[in-house]
Amino acid sequence: ARTVAEVWRRNREVARFGGGPLEVQAARIGRSYDQWLEVNADVVIQRNRDRFQEHVARASLPSVRLTREQEEFKRRYNAGRRELEHEFGKSMRYKSVRALLAGPSGEVILDLKPVWLMSPLSVSDTLPIESGVFDVVIFDEASQIPLEEAVPALFRADQVVVSGDQMQLPPTNFFSATRDHEENLLIEDEEEGEPSEYELDGNSFLSHAARNLPSTMLGWHYRSRSESLISFSNAAFYDSELLTVPERAVQDSGRAEIRPQAPEEGEKNAALLLERPVSFHHLEGARYESRRNPAEAAYIAHLVKGLLAAPERPSIGIVAFSEAQQTQIETALERLAAQDKEFGARLEEEYEREEDGQFSGLIVKNLENVQGDERDVILLSVCYGPGPDGRMLMNFGPINQSG
């Protein structure tokens with residue numbers, strides 16, 4: 001405290017700077033950033049328009065003024081324009097995008113639409129099998145792309161940029177498996193000592209790219225409003241190299257534990273959830289059976305009811321550790337909505353919620369397909385617990401395995 005007081009005496013500007021000025025500056029930077037994005041987009045669009053107009057003008061020059069290469073460009077470009085304009089005038093029997101791109105109209109199409117947003121499978125379905133169709137291909141969320149799906153897109157570009165997080169769950173269909181004894185078949189059985197028979201981290205395109213391409217770590221972590229949300233992952237998985245925004249208030253570690261005795265207590269516990277960045281709700285008496293925990297699913301449904309009644313009405317994401325528990329939670333939400341018409345209306349509205357033209361409504365997913373989603377509040381349904389006989393088996397599927 002004495003050190004801080006001395007700094008304040010020597011630097012009056014620091015003494016005057018507090019939460020209020022910080023909020024003002026953050027808002028100003030946010031507005032400037034939005035304006036910068038708009039200006040940047042305008043420049044890129046204008047540059048592309050200029051290139052298109054230049055090509056049209058070059059293709060309109062008299063042949064006597066052109067070199068052999070320019071004459072060939074004029075013939076090819078004008079033929080492409082005629083073909084494309086002919087397609088625009090049709091009402092049926094259109095040519096496929098693949099055929100148009102492979103023909104003389106391909107150059108004109110890429111002038112008009114230089115940026116294509118596609119999944120790897122769409123690339124294979126839509127683009128001609130030619131190298132150099134694009135100058136660069138950028139893979140986002142590359143940890144979710146199997147190697148075999150990435151190769152066709154790689155073939156069609158001269159340069160590649162791969163973006164992804166190797167700490168995310170790689171592509172797997174383990175959690176959607178429907179066999180009754182899937183867990184016992186694939187993990188080490190505690191009683192029999194059977195070895196595991198699968199590999200979770202071997203088929204991601206990102207894992208192959210990381211071994212063969214130079215890489216740069218993008219250090220800024222911007223998704224968590226509270227540092228405590230990412231601090232454990234930062235230490236355990238990222239060697240504490242993530243740059244995080246410090247907490248604005250000291251977190252009170254003396255809060256009481258949240259130990260609901262019945263699922264119905266979830267509604268009032270929603271307020272406790274909003275008071276702390278991370279909270280664990282220990283639902284005593286809940287039982288785990290057949291890859292499901294019905295009491296926990298019902299508790300989560302009541303939590304959602306309480307959150308939707310809150311004045312701030314945060315966006316909500318629910319993550320289950322198996323597809324079976326995901327279905328159980330969806331059923332619990334439907335059952336509670338049928339009992340309470342007011343909650344049912346709010347829930348229906350939440351399923352359709354959009355902000356700034358983007359879907360931000362309630363999602364219920366399992367671990368396999370939740371990667372990359374952002375919500376104000378994320379509810380994790382751990383699901384595992386004592387069985388009907390009260391015994392707790394240390395059998396958690398692939399969750400405690402490498403990858």
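Helices (H or I, at least four residues) and strands (E, at least two) are DSSP runs, numbered from the N terminus. Everything here comes from a predicted model, where local features need pLDDT of at least 70, side-chain atom pairs count only at pLDDT 80 or more, and totals for chains, interfaces and linings use all residues. Residues are numbered from 1 along each chain as its sequence is written, and side-chain values use heavy atoms, with hydrogens and water left out.

**View A. The second largest pocket and what lines it.**
Helix H3 (19-59), helix H5 (97-102), helix H6 (105-112), helix H7 (120-126) and strand S1 (137-139) each put at least two residues into this lining. H3 gives the largest share, with 10 residues. The pocket holds about 1300 Å³ of space. Of its 42 lining residues, Pro114, Val115, Trp116, Phe134 and Val136 sit closest to the centre. Sorted by class, the lining has 26 nonpolar, seven polar and nine charged residues. (A pocket is an open set of points on a 1 Å grid over the protein atoms alone, where a 1.4 Å probe fits, with protein on both sides within 12 Å along at least five of seven lines; lining residues have an atom within 4 Å of a point. Volume is the space filled by probe spheres set on the points, which are joined across faces, edges and corners. Ala, Val, Leu, Ile, Met, Phe, Trp, Tyr, Cys and Pro count as nonpolar, Asp, Glu, Lys and Arg as charged, and the others, Gly among them, as polar.)

**View B. Helix H12 (residues 266-275) crossing helix H13 (residues 294-309).**
The two axes come within 7 Å and cross at roughly 65°, which makes H12 roughly perpendicular to H13 (65 to 115 degrees). Gly266, Glu267, Asn269, Ala270, Leu273 and Leu274 of H12 meet Tyr299, His302, Leu303, Lys305, Gly306 and Leu307 of H13. That contact (heavy atoms within 4.5 Å) has six nonpolar, four polar and two charged residues.

**View C. Helix H14 (residues 323-339) against helix H15 (residues 341-351).**
Here the axes come within 5 Å and cross at roughly 135°, so H14 and H15 are oblique to each other. On the H14 side, the contact uses Leu333, Leu336, Ala337, Ala338 and Gln339, and on the H15 side Lys341, Phe343, Gly344, Leu347 and Tyr351. (Axes are lines fitted to C-alpha atoms, for helices over the stretch in contact, with angles from 0 to 180 degrees between N-to-C directions. Oblique is what remains once angles under 35 degrees count as roughly parallel, over 145 as roughly antiparallel and 65 to 115 as roughly perpendicular.)

**View D. Pro263 in the loop between helix H11 (228-237) and H12.**
Leaving aside neighbours within four places in sequence, Pro263 is in contact with Leu283, Ala295, Ala298, Tyr299 and His302.
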